[in-house]
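Please keep the sequence and the 3D view open as you read.

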Amino acid sequence: MPTTQSPSPRNDLDLVEWYFEQGWTDGLPVVPPTPERMSQMIAALGGEPTVVEARIPPRWGSLTREVLATNLILAGCLPAYAPIVRTAIKALTSPHFNLNGVQATTHMAAPLMIVNGPIRKDIGLNSGSNVFGSGCRANATIGRAIRLVLLNVGGAWPGDLDKSTLGHPGKYTFCIAENEEESPWSPYHVEQGYEASDSTVFCIAAEGPHSVTNHVANDPEGVLDSVVSAMSTIAHNNAVSSGSCAVIIGPEHATTIADNRWTRQDVRKYLWENTTNTYDDISFHGRYGKIYNRNLPKWYKRESGARIPIVPTPDDIHLFVAGGTAGRFSAFLPGWGHMSAPVLRCLDGHHPAVGTCVDGTCEL
């Protein structure tokens, strides 16, 4: 990483190309961290550039404010984005999340950040149309700054310490906001015990979004049966390793569900009760011994015909409303399995009214 001890480029070099040569990019061009930009970004982080914010696995590099500021600038962030990136880093490096495992796994999981609260509007985060796609500086550069920290400080370079067989595009940037304005329910963080005036970052190790299409149903069951179909497969990690997952309900689907007076908890319960595989499915009817037994909760029945839930409880389905108001689509994002727990953290680090929290970090 560029620090006071890093090699300096010659005056006649193209800085963008020089950063490529140093191996400090994610494969895309970066913004040079000039002294003026560094001063502004460090100030946004609270000054004191030598303060260590976290240590990033698997290399366990020390993330000082100076190094964090450098990566924020390289990613194209504005100083106003710094609190979200720092909060996400604090969440990702909590023991519950197991960032070391996420960084080094052969699975394709990547840290997904979902932001709630007033800061969404303050910095222009996209929670609407094309929410997982391109076109919004805040979403793109916040997620990218996280990835650059994981690469440059954590050392998780593909083929070296990052052993992911396939990866997915979220390993460039994977940050969205909940569409609180179009949601018929309380914002996610309010449901978890925070005030609406709080700003939070939710982090989960997840695969990319799988589209759920339903332009026909005018009842909650019809809409959610399509989500159930997307979740009921033996191909993703939740099926064989349990854990947590995320579901994004599009605003049109959310309106259909809520117009029938279903709550967010009703939705989670319905998905949990109806999204199932059987033991015969996940065990391949016993063709390969008991290898697919070992990572599932002990209370799951290991017998022919037994129902195998996708996740242990309804609360392990983390439900958000996001996306545009035109189009009846939702999405399912499988998690990494029981090896990682989602984490919710407030930007100011304070504890919510409920939940299991340490230093403002809530294991979910």
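Where is Glu178 found? Glu178 sits in the loop between β4 (175-177) and α8 (188-191); helices (H or I, at least four residues) and strands (E, at least two) are DSSP runs, numbered from the N terminus. Before going further, please note that this is a predicted model, in which local features need pLDDT of at least 70, side-chain atom pairs count only at pLDDT 80 or more, and totals for chains, interfaces and linings use all residues. Residues are numbered from 1 along each chain as its sequence is written, and side-chain values use heavy atoms, with hydrogens and water left out.

Glu178 has a relative accessible area of 0% and is therefore buried (buried means under 20% relative accessible area, exposed over 50%, partly exposed in between, with a 1.4 Å probe and protein chains only). Leaving aside neighbours within four places in sequence, Glu178 is in contact with residues including Arg120, Tyr188, Arg264 and Phe320, where contact means heavy atoms within 4.5 Å.

His107 is another loop residue to look at, placed between α5 (99-104) and β3 (110-116). His107 counts as buried because its relative accessibility is 15%. The side chain of His107 makes a polar contact of 3.2 Å with that of Glu207. A polar contact is a pair of N or O atoms within 3.5 Å; within protein, one must be able to donate a hydrogen and the other to accept it, and residues adjacent in sequence count only if both atoms are side-chain atoms. Beyond the neighbours within four places in sequence, His107 is in contact with Ser164, Glu207, Asn237, Gly335 and Trp336.

Now turn to helix α3 (residues 65-75). This helix is mostly covered, with 10 of its 11 residues buried. Val67 is in α3, and at 8% relative accessibility it counts as buried. Val67 lies 9.9 Å from Val51, C-alpha to C-alpha, and the two are 16 residues apart in sequence. What do the buried residues of α3 pack against? Their partners are α1 (15-22), α2 (35-44), β1 (52-56), β2 (61-64), α4 (82-92) and α7.

Two packed helices are described by the angle between their axes and the distance between the axes. Axes are lines fitted to C-alpha atoms, for helices over the stretch in contact, and angles run from 0 to 180 degrees between N-to-C directions. For α2 and α3, the angle is about 115° and the axes are 9 Å apart. From α2, Arg37, Met38, Met41 and Ile42 take part, and from α3, Arg65, Glu66, Ala69, Thr70, Leu72 and Ile73. This contact of α2 with α3 has six nonpolar, one polar and three charged residues (Ala, Val, Leu, Ile, Met, Phe, Trp, Tyr, Cys and Pro count as nonpolar, Asp, Glu, Lys and Arg as charged, and the others, Gly among them, as polar).

The axes of α3 and α7 (residues 137-152) come within 8 Å and cross at roughly 130°. The pair is therefore oblique; angles under 35 degrees count as roughly parallel, over 145 as roughly antiparallel, 65 to 115 as roughly perpendicular and the rest as oblique. Leu68, Asn71, Leu72, Leu74 and Ala75 of α3 meet Thr141, Arg144, Ala145, Leu148, Val149 and Asn152 of α7. The contact of α3 with α7 divides into seven nonpolar, three polar and one charged residue.

Elsewhere, α9 (residues 220-231) and α12 (residues 264-274) pack at about 50°, with axes 10 Å apart, and are therefore oblique to each other.

Finally, some backbone details. Pro57 and Pro58 are joined by a cis peptide bond, with omega about 5°, and Pro58 is in the loop between β1 and β2. Trp60 is in the loop between β1 and β2, and its phi is near 60°, a positive value in a residue other than glycine. Trp60 counts as partly exposed because its relative accessibility is 40%. Arg261, in the loop between α11 (251-258) and α12, has a positive phi near 65° and is exposed, with a relative accessible area of 76%.
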